Amino acid sequence: MRTSLTKPSPRIQRLLKTAKKDLGQGLCPVEIYSDPEILELELERIFNRCWIFVGHVSEIPKRGDFVVRRIGRDSFIVVRDDADRIRCLLNVCRHRGLPVCTTEQGNAPRFRCPYHSWTYRNTGEWIGAPEMQRAYGGARAADWGLLQAPQVDSYQGLIFACLDSSAPALREYLGDICFYIDCALGLHPEGMEVSGEPYRFKIAGNWKSAAENNVAGDSYHPMQLHQFDEQVGFQASSSQGAYQSHQGAYDMMRPVVVNAGHTLLASPPWVRNTIWGYPDEVSRAFAFDKLSAAQRRWLAKWQFVVCGVFPSFFIFRGATKPEPSNPEMPYYPSTHIGTMHPDSAGVMEHWIWHLSWKFEPEHYKELSYRALVIGAGSTGAYMQDDCRAWRCGFNGGQSLFARQNRMRFNLQLGMPDVTQIEEVPRAEWPGPAKVVYKGGLTDALLRTFYGRWLELMLEDARPVRASRSTRAAK
Amino acid sequence: MSDHTNQELLLHYECQQWLTHEACLLDENRYEEWFALLAPNVEYMVPIRIVIEGDSRPAFSERAFHFKENRASLRARIDRLNTGFAWAERPPTRTQRFVCNVSVARGIDPAKVTVHSSLLLYLGGSDPSRGEILTARRRDRLVQVGDRWTLEARWAYIGQTILSSSLSIFL
């Protein structure tokens, strides 16, 4: 299923060439957020070549279980087939193109197109049509199965699909970011599970603006955009004085360039001497035997706020409480994962899932879920403000005057001529990383994101191999 | 008309007036007055609408919610609006609520009623040229305290499966 890539128009080639020069200086041309041709190129060169998150294994535990998901703008059925293999089937009938599944979730041994009743097994195989023998006696079933992602795999319960058969395997694509995914999701043999169906909502804005914030963990904005929380106190990070002392909040952050566009925004645990802020009655159930010595050393001192997998997936964990005025209620870690899909240059669809540990006591699950509802869910306070902010890129790119004046956004925070920022010495950081910055006053993770974006947008040949980081931990 | 019918009409009228008043408070961003309508043990729930294979009835998640609130968390949401830094509500969403299809049912407890209504909600957001429509069927439980009614439970069942934006208002 390897297809040749469309050659961009001369105008877009010029834009990408300029973007390369600009990004080298920490500048980002506004057109990349608003140009429809850029979006078409992104769909082809990024979404259809990279590993895209499509769901969690706990959403489809039984054979025949399925959920309908997106890759780029396309609809796919993510199904655990009758042989227990997870597949990702294009939701388009091979006969004339209707969706073969018009629901969002369920359990089905097969999918039938309502138009002419072409029917497929949940493996994607074409198994029948009316008057099969008379009508299609000469056709080969093998030629007419549903198209499906050539690669589907999971890591720590996270299911990804890749539409490019020549792309590296998932484990290799993720590379060193696995170290940190393990530290977040691999702390118990039963693993984590979704707490219910995901949030889905549209956001006016270009998908990359959300990715800058969520995948690349923009460390400069929280104390500004979410300033309300220094008075309300949903999150431990804001209520414990960090927001009032901006310097302190920035100093605690450790932006980490991991590899291949994958990044981490790390920090010390908000609740001191804990693992991720979990109370003892939860963390004593954690099993660390699957982790390496380096991972255990990292966990003893660090956590992350955001772990971003290029291009569009993130894991977020923060110590939160839904009733800030209630002194009886502890700040408790709430985990969510999410992804964003472009509808057009100016509209995206955001998906968020809450995760809890299977073993987690019910009242903690509930506390952590309610924290998502009020924080980063569809009506959450943090999400409301983020959605307002993520119009930014498209808003700039839409302006003719901005484009006429070659307006470029500023991603220069943390660059040598602009900001004095130290790097964390290797000995102090037990995890793999290319660079770890001491403090949040840097756009380094955004520049990393756009560096990877540009490589893929410019590169005509093979994609997406995650190079080993230069600082791989033992 | 019998006394019984009169009482039923009066009750229906009171509940309808209550919903109209509530819609007015929310449309005018009078959140403190709205908060005063809530019972101490209020539950405020908006489950996520889902579409399940083989189910012909409207389906809502039993586990996933747009809102899953009690009095303390609703208080915190209003506190946020009062900070002056709730950017999503600066300027406030322009809303207009149309409430209809009201029906009132008494339960065993004479001080409590279950009120069903339909809500058509217009949302004017940050783009002044565009507005959005959100619909919901609501099931409320009102409790009579002295001469006024308070909201003890609201379950709002939104029409949309995919919201057209995140929500910074109440339903």
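Strand 4 (residues 112–124) and strand 5 (residues 131–145) of chain B run antiparallel to each other and pair over 13 bridges. A word on terms: strands (E, at least two residues) and helices (H or I, at least four) are DSSP runs numbered from the N terminus, and two strands pair if DSSP finds at least two bridges between them. This is a predicted model, in which local features need pLDDT of at least 70 and side-chain atom pairs count only at pLDDT 80 or more, while totals for chains, interfaces and linings use all residues. Residues are numbered from 1 along each chain as its sequence is written, and chains are lettered from A and ligands numbered from 1 in the order in which they are written.

Back to the strand pair in chain B: B:Gly124 has B:Gly131, in strand 5, as its bridge partner. Residues are in contact if their C-beta atoms, placed from the backbone, lie within 7 Å.

Chain B also meets chain A, and the contact takes 34 residues from chain B and 38 residues from chain A. On the chain B side, strand 1 (38–50), strand 2 and helix 3 (71–82) each supply at least two residues. By class, this side of chain B has 16 nonpolar, 10 polar and 8 charged residues. Here Ala, Val, Leu, Ile, Met, Phe, Trp, Tyr, Cys and Pro count as nonpolar, Asp, Glu, Lys and Arg as charged, and the others, Gly among them, as polar.

Turning to chain A, the domain assignment gives domain 1 (53–155) and domain 2 (173–458); such bounds come from an automatic or database assignment. The centres of the two domains of chain A, taken over C-alpha atoms, are 34 Å apart. Domain 1 of chain A puts 8 residues into the contact and domain 2 of chain A puts in 10.

The largest nonpolar core has 161 residues, and A:Val54, A:Val78, A:Ala161 and A:Cys307 are those with the most contacts inside it. A core of this kind is a set of buried Ala, Val, Leu, Ile, Met, Phe, Trp, Tyr and Cys residues joined through C-beta atoms within 7 Å. Helix 5 of chain A gives the largest share of this core, 8 residues. Both domain 1 and domain 2 of chain A contribute residues, so the core lies between them. Helix 5 (residues 177–185) of chain A is itself mostly covered, with 8 of its 9 residues buried. Buried means that 20 or more other C-beta atoms lie within 10 Å of a residue's own (12 or fewer makes it exposed, anything in between partly exposed), with C-beta atoms placed from the backbone.

A:Val54 has contacts beyond its neighbours within four places in sequence, among them A:Ile71, A:Phe76, A:Val78 and A:Ala161. In chain A, an open sheet of 3 strands has the order 2-11-10 and antiparallel pairing. Strand 2 (51–56) and strand 10 (151–155) of chain A are the edge strands with a single partner each, so one side of each is left without a neighbour in the sheet. Strand 2 of chain A is joined to strand 11 (residues 158–162) by 5 bridges, and A:His56 stands opposite A:Leu158.

Strand 17 (residues 313–320) of chain A holds A:Phe314. All 8 of the 8 residues in strand 17 of chain A are buried, so the rest of the structure largely encloses it. A:Phe314 counts as buried because it has 25 C-beta neighbours inside 10 Å. A hairpin through 3 residues joins strand 16 of chain A to strand 17, and these strands pair in the antiparallel sense over 4 bridges. Strand 17 of chain A also runs antiparallel to strand 18 (residues 332–344), joined by 8 bridges; there, A:Phe316 has A:His336 as its bridge partner.

Technical notes. Contact = placed C-beta atoms within 7 Å.
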